[in-house]
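Biologist: Can you take me through the ligand sites on this one? I'd like to go contact by contact.

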Amino acid sequence: MWRRFTSLPLFFSHLQQVRRADELKICQAFCTEIVKPPVEGESNSRRNIPFVAFVLGGPGSGKGTQCLKIAETFGFDHIGAGDLLRKEIHSDSENGAMIQKLMKEGSIAPSEVTVKLIKKAIESAENRKFLIDGFPRSEENRVAYERIIGAEPNFVLFFDCPEEVMVKRVLNRNEGRVDDNEHTVKERLKVYKAITLPVANHYAKKGKLYKVDGTGTQEEIFERVRPIFASLSRLST
Ligand SMILES: Nc1ncnc2c1ncn2[C@@H]1O[C@H](COP(=O)(O)OP(=O)(O)O)[C@@H](O)[C@H]1O
Ligand SMILES: O=c1ccn([C@@H]2O[C@H](COP(=O)(O)OP(=O)(O)O)[C@@H](O)[C@H]2O)c(=O)[nH]1
Ligand SMILES: [Mg+2]
């Protein structure tokens with residue numbers, strides 16, 4: 001076996017591949033749906049493009065809650081698309097009133113507005129690892145992002161959660177949001193199924209979707225998410 005390796009570096013690179021394969025198996029055991037794992041810092045490093053994970057799921061599926069835990073544990077910056085839009089509403093920007101109206105209706109803001117805010121958040125950060133939470137919400141959002149940022153996300157984390165669980169969580173959220181009411185949540189679920197789910201399907205077809213069971217306690221869910229990010233960090237070292 002030794003003879004098959006012409007040099008020590010080659011031998012170690014083989015060992016690294018074996019380690020990656022083992023870690024993949026560990027990751028597969030925890031994921032509902034597994035894809036080819038992205039390697040932090042590998043694919044986009046030459047163009048200095050940041051490492052990006054989109055985080056998708058219905059309203060109340062736990063995206064924001066889990067993003068906080070991932071960001072804290074794995075050193076990602078958390079960019080909440082809805083949070084950026086809410087900041088616009090409260091900053092009296094020219095788009096504020098339009099965004100508030102769309103949010104209240106459960107509709108989606110124009111892609112250029114959201115992508116511009118995301119781009120600014122990425123460019124103004126020192127970090128190069130981002131969770132983009134609650135975006136893209138439509139195929140149009142996705143195409144605009146990929147065109148303006150010039151790259152696809154490295155992978156997509158998707159929280160799979162039954163509708164009744166999501167509605168219950170949204171109605172108990174109690175953050176004073178204009179869209180956390182029974183009428184708007186019904187609209188948001190319609191938009192989610194018709195317009196957002198195709199985005200998740202797009203990335204599933206490309207082998208970039210990690211689907212995680214979004215039911216149970218926050219801690220139980222994070223234990224399903226943890227191995228995905230732990231595996232990424234180990235692979236990049
Ligand atoms: N696993 C969970 N069990 C019960 N409540 C949860 C869980 N995860 C999040 N929540 C609560 O449900 C609400 C919606 O969660 P959030 O993370 O804001 O979801 P999303 O960002 O997907 O809309 C919040 O009030 C949050 O504290
Ligand atoms: O990329 C985005 C993200 C959010 N929103 C709007 O902001 C609302 C709230 O989004 P957020 O992600 O905060 O809601 P969550 O899914 O976390 O409940 C959505 O219903 C949309 O009206 C949008 O238009 N585009
Ligand atoms: Mg959220």
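Biologist: Which backbone N or O atom lies 2.6 Å from an oxygen atom of ligand 2?

Modeller: That one belongs to Ser-107. Keep in mind that this is a predicted model.

Biologist: Which side chain has an N or O atom 3.0 Å from an oxygen atom of ligand 2?

Modeller: The side chain of Arg-177. There is also a backbone contact at Gly-134: a polar atom there is 3.4 Å from an oxygen atom of ligand 2.

Biologist: How much of ligand 2 does the protein bury?

Modeller: The protein buries 95% of it.

Biologist: How many residues surround it, and which are closest?

Modeller: Ligand 2 has 19 residues around it. The closest are Lys-63, Arg-86, Ser-107, Ala-109 and Arg-188. So Ser-107 turns up on that list as well as in the 2.6 Å backbone contact, by the 3.5 Å cut-off for a polar contact.

Biologist: Switching to ligand 1. Where does that sit?

Modeller: Ligand 1 is in the largest pocket.

Biologist: Which elements give two or more residues to its shell?

Modeller: Helix H2 (63–74) and helix H9 (218–235). H2 has the largest share, with 3 residues.

Biologist: Which residues come nearest to ligand 1?

Modeller: Gly-60, Lys-63, Thr-65, Arg-173 and Gly-216, out of 14 around it. Lys-63 is on this list and also among the closest to ligand 2.

Biologist: Which residues make contacts with nitrogen atoms of ligand 1?

Modeller: Gly-216 is one of them, through a backbone N or O atom at 2.8 Å. Arg-169 is another, with a side-chain N or O atom 3.4 Å from a ligand nitrogen.

Biologist: What about an oxygen atom of ligand 1: which backbone is 3.0 Å away?

Modeller: Gly-64, through a polar backbone atom.

Biologist: Last one. How much of ligand 1 does the protein cover?

Modeller: The protein covers 77% of its accessible area. On its own, ligand 1 has 560 Å².

Note on methods:
Residues numbered from 1 in each chain as written. Chains lettered and ligands numbered in written order. Predicted model: local features only at pLDDT ≥ 70, side-chain atom pairs only at ≥ 80, totals over all residues. Heavy atoms only, no water. Near = heavy atom within 4 Å. Polar contact = N/O pair within 3.5 Å; in protein donor to acceptor, adjacent residues only side chain to side chain. Areas by Shrake-Rupley, 256 points an atom, 1.4 Å probe, with all protein chains shown as cover. 1 Å grid on protein atoms, 1.4 Å probe; cavity = no way out; pocket = protein on both sides within 12 Å on 5 of 7 lines; lining within 4 Å. Sits in = over half its atoms within 2 Å of the grid points. Helix = DSSP H or I, 4+ residues; strand = E, 2+ residues; numbered from the N terminus.
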